[in-house]
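Open the model in your viewer and keep the selection panel at hand.

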Amino acid sequence: MEEVDAVDGLLGEPESLWEGGERHPADDHVAYGGRSVRSRRHLLLPVLHAIQDRTGWVSRGALEYACRRLSIPPAEAYGVVSFYARFALQPRGALALHVCDDIACKGAGADDLCAALEKDFGAPGGAWHRSPCLGLCDRAPAALVERAGSDHEERQVAPITFEGAASVLRGGQWPSTPLTPTLSPGGRGRLLRRVGVVDPLSIDSYLSHGGFAALRRAQEMGGPAVIREVTEARLLGRGGAAFPTGRKWESVADAPIRPHYLVCNADESEPGTFKDRVLLESDPFALVEGMAIAAFATGCGKGFVYVRTEYPLARKRIENAIAQARDRGLLSIDIEVRRGAGAYICGEETALFNSIEGKRGEPRNKPPFPVHVGLFGKPTLENNVETLVNVLDIVTEGGAAFASTGTKDSTGTRLLCVSGQVLQPGLYEVPMGTTLRELLNGHAGGVRPGRTLQTVLLGGAAGSFVTPAQLDVPLSFEGTRAIGATLGSGAVIVFDDTADMKGILLRIARFFRDESCGQCVPCRVGTKRQEEILERLLVAPHDDGQADVMLLSDIAQAMRDASICGLGQTAANAIGSGLTQLKVLNG
Ligand SMILES: Cc1cc2nc3c(=O)[nH]c(=O)nc-3n(C[C@H](O)[C@H](O)[C@H](O)COP(=O)(O)O)c2cc1C
Ligand code: SF4
Ligand code: FES
C-alpha cells in the first residue's frame with residue numbers, strides 16, 4: 001500500500017507492527033483523546049501531504065490509516081482534509097496542472113488559455129485545474145505542475161503557453177522557466193540588495209556578504225536592547241495589518257507563560273503578491289537570520305515557517321537554509337517548515353495556528369491575542385517574511401537610522417509587487433512615501449505605448465482601486481489611508497484601457513466566495529450573495545442597477561461590521577471601489 005508507505009515514511013513504522021509485518025490488533029484500538037494524542041495532532045497536514053504527494057489523492061483507506069496512526073477521530077480528519085483545496089478526496093491521475101486565472105493572469109490571456117485547454121483536454125477538474133493567484137503575477141499567465149509518486153515533483157511555470165500546457169497534459173516535457181526574479185536596477189534597495197547576488201543555496205556565500213553579522217550584534221546587545229531598537233525604528237508589520245512590530249515583540253518577551261513560539265507567515269496568497277516568494281527563493285538565509293534574532297529577543301524556543309504549498313522552490317530553499325545554519329551551529333532555536341494546503345484564509349494569523357495544529361484553517365476570535373494565547377495556546381510571535389528581513393538592518397544600523405528612510409509614520413522601504421498591463425512588471429523596493437506615479441512611470445516603465453491607464457488595484461483583492469487622478473498618492477500606510485485605499489500586502493496591479501474590468505470584479509467576487517472559510521454567517525452568506533448580485537448587475541442587467549448597488553452596499557456593511565476576521569471585513573472593498581470608480585454599470 002503506497003499510502004501506508006507514505007505515512008510510515010513520515011511517522012516511522014508503528015510500534016505495534018509485529019513480526020511478519022501484520023498490524024498488531026492493538027493498533028486498531030488506540031483511544032482517541034488525551035495528552036499524548038493531542039501532541040500528535042499537529043502532524044495531520046504533513047501526513048496528508050505525504051499521502052497526496054505519493055498517490056495524487058487521499059483515499060478513504062489512507063485517511064483511516066492516518067487517523068489510526070495519529071489517533072484522530074476519522075470524522076475530524078475528514079473535516080480537515082475536505083477544508084483544504086490541495087487535497088483531493090476523489091481519485092485522479094498522478095499529473096495535475098494548475099492554471100492561474102486570477103486578476104493579473106486574466107489580463108495576460110489566462111481566460112483564452114483556459115478556454116483552449118477546455119476544448120482540447122476537457123473541463124477543469126480532470127487533469128487540469130483553474131487556480132487562484134500562484135504568486136508569479138509579474139510573469140503572467142502562470143501555472144504549477146505536479147506529478148504524484150515516490151519521486152513526487154512540482155514545478156512553477158511562468159509564463160505558461162498553450163503549447164507548454166498541452167505538452168504537460170500529453171505526458172511530454174514540462175516547460176522550464178528559471179525563476180530569476182524580475183527586479184529593476186532602480187528598484188533595488190535594502191531588502192533586495194542580496195537578491196541575485198548571493199547564492200541562495202550556500203551559507204558561505206551569505207556569510208561572505210555579511211550574513212549573520214546582525215545576529216552576532218543582537219547577541220552582544222541583549223534581547224531588551226534589540227526590542228528597543230525595533231521599537232525606535234517604528235517598523236510596522238508588512239503582512240497587511242501594519243501592527244507595530246516592537247510592541248508585539250515586547251508583549252511576547254514579557255509573557256510569563258512558557259514556551260514562546262515564533263511563527264513566520266509565508267502564506268502569501270493575496271492575489272497580486274509575490275514579494276515573500278522572491279525573498280524566500282533568493283535570500284533565504286536572511287529570513288533564517290531574522291527569525292533567529294526575533295527568537296533571541298523574545299525568548300522563543302521553537303519556530304515555524306508556514307509556506308504556501310504553491311511555492312515548492314521557496315520551501316526547498318528555506319529548508320536548506322535552516323539545515324545549513326543549524327549545521328554551522330548558528331541557530332539556538334529549532335525551526336520547522338510547514339506547508340500550507342491551498343487555503344487563502346490560512347494567512348490570517350490565528351487560522352494559520354489552527355492549520356499548524358492539524359485543524360481546519362478557521363480564524364479564532366480575538367481577544368485573546370496571539371501574543372498571549374497563540375500557537376498551541378502559548379504566547380506566540382507571528383511576523384511576515386518582509387517584516388523579519390527588515391530587522392537585520394535595524395539591528396546593524398540602529399532603529400533611528402532605519403527610521404530616517406520613509407515617512408514619519410511609515411518608516412523604511414516597502415516591497416511592491418507590480419503586475420498587470422505595465423511595461424516592466426516586477427518586484428520594486430522603494431522608500432515609503434514614494435508616489436504611485438513614480439513607481440509606475442519612473443520604475444515600472446508606465447503602460448504600453450498607445451495605451452492609457454484605466455485603474456490600479458492597490459493591496460490585492462482585499463485592497464481597492466485607485467484612479468489615474470489619484471496617482472500622486474504617497475505609498476505609505478497613512479498616505480493610502482487618506483484616500484480610502486491600503487498598501488496591504490504590497491500588490492500593485494495595473495490595468496490599461498483594454499482591460500475587462502467587469503471580468504476582474506467578478507473574479508474578485510468569486511475569489512472571496514471560494515476562500516471564505518464559512519465559519520461565520522455574514523461572510524459565508526455575504527460573499528455568496530455579493531457574487532450573485534454582481535453577476536446580475538454586470539452580466540445580465542435588467543434596469544439601471546441602482547437597487548442592486550444599494551443591496552451590495554448593505555451586504556458590505558454587514559460583512560464589515562459582523563465578520564470574525566479580516567477576510568469578511570475586506571471582501572467588499574475592491575468591488576465597492578470598482579463600482580464607484582469604474583465605468584462598469586449600465587447607463
Ligand atoms: C484573510 C487574511 C489573509 C492574510 N494573509 C497573510 C499572508 O499571506 N501573509 C502575512 O504575512 N499576513 C497575512 N495576513 C495578516 C496576518 O493575519 C498577520 O497580521 C501578519 O502575519 C502579522 O505579521 P506582521 O505584523 O509582520 O505583518 C492575513 C490576514 C487576513 C485577514
Ligand atoms: S470572516 Fe469569513 S473567513 Fe473570516 S472567519 Fe468569518 S467566514 Fe471565515
Ligand atoms: S500568478 Fe496569476 S494572478 Fe498572481
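**Stop one: ligand 1**

Select β8 to begin: with 3 residues, β8 contributes the most to the shell around ligand 1. Bear in mind that this is a predicted model. β8 covers 380-384, and along with α24 (566-570) it makes up the elements that give two or more residues to that shell.

Now widen the selection to the whole shell, 19 residues around ligand 1, of which G239, K248, N383, N384 and T387 come nearest. Colour the shell by class and you get 9 polar, 7 charged and 3 nonpolar residues.

Next, show distances from the oxygen atoms of ligand 1. A polar backbone atom of G239 lies 2.7 Å from a ligand oxygen. For N383, an N or O atom in the side chain is 2.9 Å from an oxygen of ligand 1. The side chain of T387 likewise places an N or O atom 2.7 Å from a ligand oxygen. Switch to a surface view: ligand 1 taken alone exposes 610 Å², and the protein buries 88% of that.

**Stop two: the largest cavity**

How many cavities of 30 Å³ or more does the structure hold? There are 5 cavities at that cut-off, and the largest has a volume of about 80 Å³.

Select S516, C517, C520, C523 and C565, which lie nearest the centre of this largest cavity among its 14 lining residues. By class, the lining has 8 nonpolar, 5 polar and 1 charged residues.

Key
Residues are numbered from 1 along each chain as its sequence is written. Chains are lettered from A and ligands numbered from 1 in the order in which they are written. This is a predicted model: local features need pLDDT of at least 70, side-chain atom pairs count only at pLDDT 80 or more; totals for chains, interfaces and linings use all residues. Side-chain values use heavy atoms; hydrogens and water are left out. A residue is near a molecule or strand if one of its heavy atoms lies within 4 Å of it. A polar contact is a pair of N or O atoms within 3.5 Å; within protein, one must be able to donate a hydrogen and the other to accept it, and residues adjacent in sequence count only if both atoms are side-chain atoms. Accessible areas come from the Shrake-Rupley method with a 1.4 Å probe; for residues, only the protein chains shown count as cover. Helices (H or I, at least four residues) and strands (E, at least two) are DSSP runs, numbered from the N terminus. Ala, Val, Leu, Ile, Met, Phe, Trp, Tyr, Cys and Pro count as nonpolar, Asp, Glu, Lys and Arg as charged, and the others, Gly among them, as polar. On a 1 Å grid over the protein atoms alone, a cavity is a set of points where a 1.4 Å probe fits but cannot get out, and a pocket is an open set with protein on both sides within 12 Å along at least five of seven lines; lining residues have an atom within 4 Å of a point. Grid points are joined across faces, edges and corners, and a volume is the space filled by probe spheres set on the points.
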